[in-house]
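Open the model in a viewer and keep the selection tool at hand. The stops below go from aromatic rings to charges over rings and then to strands.

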Amino acid sequence: MNKAWRLLDYSFNDPFMNLALEESILRGRVEGESPDTLRLWQHPRVVSIGCFLNPDDEVNLDACTQFGATVIRRLSPGGALYVDEGSLQYSLTFNKDSLSLPERIEDSYGLFSRGVIEALNSMGARGKFRPINDVFVSGKKISGASQSRMYDSILHHGTLSVNTRLEILEEVLKPSELKLKVQGFPGLKERITTLSRETGGDVAITGFKGQLMKGFEKTLDVTFVPGEPSAWEMETAKELYEEKYRKLEWIFSGTASRLDVFSTFKAAKGTINVSLSFSCDRIDDLKISGAFILHPENGVQELEQGLRGELLDEKRLQNRIRELFSVKGIQTAGISAEDFARAIMLAFSAAQSV
């Protein structure tokens, strides 16, 4: 017998409240205040950045002002996204024992992508999962996802480009030239598609919500029952809104001044930025940012602190980072200790060549 989950079709006009409600439901699931939930919702025009990103590297702030796009920082890691009323957001928030999950984090993305692919296929757009966290149609990205994990509860959320205005997307984002080159695309427009483009006309998001719900019901073997946010969830969301999501200190928390040298390293499934200061071949200070998947979210700070004073030797750094992964319970998807060590050494090498 399949399990009943709450279906929450609930959006705010304020994007900061949309993010606050997401975290509120995750916290509620940890504390037993919230049931397993599928939330379907829409943002006004925003640029959403992952929790490890520096907006100066990813976002054209002047263009955001021109096009009326609000910059927001979400709880989960990953890249920068342009989202508008033509995009559909979904959030699956649940206890890890509610589903039979793969052991590796990266494999769970494939599991959840099946519901998205079912919905796309029902509309005549043949979706295909591309590890780690993307769904493509006709060789172009149509959906991306990310996760945040808190104790025994998981938030898996994603964006589907239904009628998204790609001409604005290309203006407000600063695409990584390195990433586009590796993937073989000349620009963002060539890399992204929408459901309306693939089907030849505007798609009613209300109807597509129903298809997405059916897709998740089928692939997760659950039944969705319509519900509303609880009083506890709304109160907690309001607190998170005031204390976190609307604050500039949170949104622009990755924009601290860079240290002596800087590098960008393209890993197999992510981009790592390193800002480094050193003396006598040892790390004095270190800042790590980028579009990569790492849990828990404070793991980056643990790496930064744990690597201060370390010798700038690639093998030693690999061993120290593996040790920190083990001791601090850090898990990654698509990036490795070797990738972080290479990124650090790349910054060090740049300083040596000056």
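Is Y245 buried or exposed? Select Y245: this residue is buried, with a relative accessible area of 1%. Buried means under 20% relative accessible area, exposed over 50%, and partly exposed in between, with a 1.4 Å probe and protein chains only.

The model is predicted: local features need pLDDT of at least 70, side-chain atom pairs count only at pLDDT 80 or more, and totals for chains, interfaces and linings use all residues. Residues are numbered from 1 along each chain as its sequence is written, and side-chain values use heavy atoms, with hydrogens and water left out.

**Aromatic pairs**

The structure holds 10 aromatic pairs. Rings of Phe, Tyr and Trp (its six-membered ring) pair if their centres lie within 6.5 Å; planes under 30 degrees apart count as stacked, over 60 as edge-to-face and the rest as tilted.

Next, select F292 and F340. This aromatic pair is also edge-to-face, at 5.5 Å centre to centre and 85° between the planes. The pair links distant parts of the chain, 48 residues apart: F292 is in the loop between strand 14 (282–291) and strand 15 (293–295), and F340 is in helix 14 (residues 337–352). Helices (H or I, at least four residues) and strands (E, at least two) are DSSP runs, numbered from the N terminus. Both F292 and F340 are buried.

Then select W5, F94, F112 and F224, which form one aromatic cluster.

**Charges over rings**

Return to W250 and show K244, which lies over the face of that ring at 4.5 Å from the ring centre. Here a charge sits over a ring if NZ of Lys or CZ of Arg is within 6 Å of the ring centre and within 35 degrees of the ring normal. At W41, the charged end of R39 sits over the ring, 4.2 Å from its centre.

**Strand 9 and its partners**

Select strand 9 (residues 140–150), where nine of the 11 residues are buried. Strand 9 pairs in the antiparallel sense with strand 8 (residues 134–137) over four bridges, and with strand 10 (residues 153–161) over eight bridges. Two strands pair if DSSP finds at least two bridges between them.

Finish at the hairpins. The one of strand 8 and strand 9 has two residues between the strands, and S138 takes a positive phi near 55° there. In the hairpin of strand 9 and strand 10, also with two residues between the strands, Y151 takes a positive phi near 55°.
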